[in-house]
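Hi,

Here is the structure I promised to pass on to you. Have a look at it first, and then read my notes below.

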Amino acid sequence: MNEPLKAYRRILLARSLLLLLLLGVIGTALLVDIMTGVSGLTSGDIVATLLSPEEASPVTRVIVWDVRLPYALMAMAVGVALGLAGAEMQTILNNPLASPFTLGLSSAAALGASLALVFNIGIPGVPESWVVAGNAFVFAMLSALMLDLVARWSGMNASGVVLFGIAMVFSFNALVSLVQFMASAEALQGLVFWTMGSLSRATWPTVGALLVAFALILPFSMRDSWRLTAMRLGEDRAASFGIDVKRVRLAALLRISLLSALAVAFVGTIGFIGLVAPHIARRLFGEDHRFYLPGSALVGGVILSLASIASKSIQPGLTLPVGIVTSLVGIPFFLAIVFRRRMQ
Amino acid sequence: MLQIRHLAVAYGRREVIADLSVGNLLPGTVTALLGPNGSGKSTLLKALAGLARTPRGSVTLDGEEILHASLERRARRLVYLPQSLPAAVHLRVFESILVAGHAGAPGSTQSRPDVTQVYALLQRLGIAHLAMRFLDELSGGQKQLVGLAQALIRKPRLLLLDEPLSALDLNYQFHVMDLLRQETAQHDLITVIVLHDVNIALRHTGHALLIRDGRLRADGAPGRVITPAALAAIYGVRGRIEHCSKGTPQVIIDGLCEALD
């Protein structure tokens, strides 16, 4: 008797444990990430420097605290931000191909960055070191606002929003190409490197900004988790359950825009996470958004942390741009998941 | 009870529902909404659910105006099930019903169902064995029963269903209609369903509304309003009502009317 009830409670417990496990994996990956590199420091040195920085030598302190730590934290922060943004986006647009990048946010950011890198066009009053990131953020947010306008104007039709997003991707990419065409060889190099996505731009202020934004946004996502789950059953149905579908979708779009604009502004284009983390999370947690949303964030964090480690280990002495590694390492995983499902 | 007075719905200039009034739809009765394609059945149902864009007139449920009420207020009194089955998502049946109960529940946790209520409902509908299955592995008929459970967990007073039988085989058609009648009677629901099959209306419902071109053409007991004359006027078909060896009335269609409008 009551077998399904017991089964359901077991499932809830298993999911909670799985979240904890992922949290543990992220912590471990973070540590390994900090220890990976070519400084010749031993693990013991690094742990000692982490625990008591004032006793370490200045060089070690700088390497651990100003290079390794922000770098590793940024990998995790960008991963969780894009994981969460992608999960919400696939739900509100009811499209498994949606990700913060399908909507042209990263292309817009690249255009903003290219204007700064090639023509030195920036927002007045922004300090020198923040000009590129500032431009990227402003452009990403502008594209999100445009998307929002179109969404309101077209009555929030999900497929219309996706198509408009794709149109934006192509428009911004064309404009970036135009800027590249006009750029000097030196500026071109900088721009190409920017678009590859690299964690080496991480600094304490940028890592802090992203982590704070994530911490502020996650509770709002979780508050909408029942509503978002219900929207998976169909919009009409959700509306009939008393859910203001348009309002839920707009709120989610705002959260997604903020998270992905910040991420792309700080590290450039890392496109794969927002698409794949939600798929993996769906397999692991199902679509109850109380677990699926934090699950997707954690999966995103794990993937990018592992990719960060890989980017430093593949060719000792050389740190590959993490955007490249993410796709190369992530795609086999992704295909395995997709095809395993097809086989069943 | 449900009363509709001078209801009108227009899409742009095209009037889909015109000055439609229905006296009383009583609790405990399943009402069939019949009419040809494009007659305004689905629009009427949506208007009752408050999902039509610019409805005029008045719809009252137990004396309370619902046509212009807030989404939240309406959601507490009524549930509308669209024609589509619940989407094939990777949610367990049990979860999907829990979600339906939780999702629109405003603030208070009291109105939210707990897991035991969900389980009790599944047993009542005879689908407890599906509880842990995923929605994306159910058959159409099973999905429709789950859809019904998603509606009933909200304990509505008014239950609106748009063609709940359209994708179902004979067995599930009977199953769904039996459950609807049983739930409607036991819980004093006012149930309105859009139907295409006049025989099912005749056999399984207690009341029928016949609609054509957005106007109400007949309103009454199915056995009384489904007549050869009505079939000709509403559907443009030549039909007769025969009684089978068990005495059940049966609509037989012989062909199309010569001149359709």
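Let's start with chain A: of its 344 residues, 50% are buried, where buried means that 20 or more other C-beta atoms lie within 10 Å of the residue's own (12 or fewer is exposed, anything in between is partly exposed, and C-beta atoms are placed from the backbone).

Before going further, please keep in mind that this is a predicted model, in which local features need pLDDT of at least 70 and side-chain atom pairs count only at pLDDT 80 or more, while totals for chains, interfaces and linings use all residues. Residues are numbered from 1 along each chain as its sequence is written, and chains are lettered from A and ligands numbered from 1 in the order in which they are written.

Chain A has a mean pLDDT of 86, with 97% of its residues at 70 or more. Within chain A, helix H8 (residues 204-223) has the highest confidence, at 95, and helix H14 (residues 322-343) the lowest, at a mean of 75.

Chain A has 14 helices and zero strands; these are DSSP runs numbered from the N terminus (helices are H or I with at least four residues, strands are E with at least two). Its radius of gyration is 21 Å, close to the 20 Å that the globule rule gives for 344 residues, so chain A is as compact as a globular protein of that length. That radius is taken over C-alpha atoms, and the rule is 2.2 Å times the number of residues to the power 0.38.

Now for the inside. The largest nonpolar core has 187 residues, and Ala81(A) and Ala140(A) have the most contacts inside it. Such a core is a set of buried Ala, Val, Leu, Ile, Met, Phe, Trp, Tyr and Cys residues joined through C-beta atoms within 7 Å. Helix H3 (residues 58-92) of chain A gives the most to this core, with 19 residues. Leaving out residues up to four places away in sequence, Ala81(A) touches Leu210(A), Phe214(A), Leu259(A), Leu262(A) and Ala263(A); contact means C-beta atoms, placed from the backbone, within 7 Å.

Chain B has strands to look at. Strand E1 (residues 2-11) of chain B pairs in the antiparallel sense with strand E4 (residues 55-61) of chain B over six bridges, and Ile4(B) stands opposite Val59(B) there. Strands count as paired if DSSP finds at least two bridges between them. E1(B) also pairs in the antiparallel sense with strand E2 (residues 14-25) of chain B, and the hairpin of E1(B) and E2(B) has two residues between the strands.

Enjoy exploring!

Conventions
Two residues are in contact if their C-beta atoms, placed from the backbone, lie within 7 Å. pLDDT is the predictor's confidence in each residue, from 0 to 100.
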